[in-house]
Amino acid sequence: LIRLTAELELAEAYVYLLVMRFGENLRVKFQTEGAEQFMVPPMCLQLLLENAFKHNVISKEAPLHISVILDKEQPSVTVRNNRQLKTGTQGTGIGLQNLNERILLLTGKEIKIIENNEIFEVTVQLLHEWEQPAL
């Protein structure tokens with residue numbers, strides 16, 4: 001596990017590179033105040049961000065909007081994007097399945113996926129820095 005703040009720094013650096021590539025066509029908002037007290041498996045946010053980039057159209061006519069939202073009460077972090085699927089890109093689901101297995105082992109709870117015609121959203125349970133993994 002690593003601190004959520006470190007994971008967010010990595011995610012923000014990754015997003016910065018993608019914004020350089022896509023410009024105004026990619027809009028990412030981080031709502032993550034209070035992240036210092038939480039722990040998360042490494043690279044989980046990057047996996048969720050990559051899924052959004054890989055599976056959705058990103059263009060001037062259809063900008064991709066992504067939100068990364070911390071819920072301190074649950075505790076969890078959610079990555080949500082507007083859904084505008086690329087044609088011909090069918091994912092295997094292995095990335096989300098692996099993430100789910102890691103989170104389940106650590107927290108005893110599965111990731112939560114909400115998917116409809118407008119949004120795709122994945123919520124990952126977090127551990128407080130003082131909690132022991134469920135392993």
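Visitor: Is glutamate 115 buried, partly exposed or exposed?
Guide: This is a predicted model, and the class follows from the computed accessibility. Glutamate 115 has a relative accessibility of 46%, so the residue counts as partly exposed.

Visitor: Which residue forms a salt bridge with glutamate 115, and how far apart in sequence are the parts that the pair ties together?
Guide: The partner is arginine 83, with the closest N and O atoms 3.0 Å apart. Glutamate 115 lies in strand S6 and arginine 83 in the loop between S5 and H3, so the parts tied together are separated in sequence by 32 residues.

Visitor: Is glutamate 121, which forms a salt bridge with arginine 80, buried or exposed?
Guide: The closest N and O atoms of glutamate 121 and arginine 80 are 2.5 Å apart. Glutamate 121 lies in strand S7 and arginine 80 in strand S5. Arginine 80, at 32% relative accessibility, is partly exposed. Buried means under 20%, and glutamate 121 is at 9%, so glutamate 121 is buried.

Visitor: How are H1 and H2 oriented, roughly parallel or roughly antiparallel?
Guide: The axes of H1 (residues 4–22) and H2 (residues 44–55) are 8 Å apart, at an angle of about 30°. Their crossing is right-handed. Angles under 35 degrees count as roughly parallel, so H1 and H2 are roughly parallel.

Visitor: How are H2 and H3 oriented, roughly parallel or roughly antiparallel?
Guide: H2 packs against H3 (residues 94–107) at about 155°, with the axes 11 Å apart. The crossing is left-handed. Angles over 145 degrees count as roughly antiparallel, so H2 and H3 are roughly antiparallel.

Terms used
Residues numbered from 1 in each chain as written. Predicted model: local features only at pLDDT ≥ 70, side-chain atom pairs only at ≥ 80, totals over all residues. Heavy atoms only, no water. Axes fitted to C-alpha atoms, helices over the stretch in contact; angles between N-to-C directions. Helix = DSSP H or I, 4+ residues; strand = E, 2+ residues; numbered from the N terminus. Parallel < 35°, antiparallel > 145°, perpendicular 65-115°, else oblique. Left-handed = near helix turned anticlockwise from the far one by under 90°. Salt bridge = Lys/Arg side-chain N within 4 Å of Asp/Glu carboxyl O. Buried < 20%, exposed > 50% of the residue type's maximum accessible area, 1.4 Å probe, protein only.
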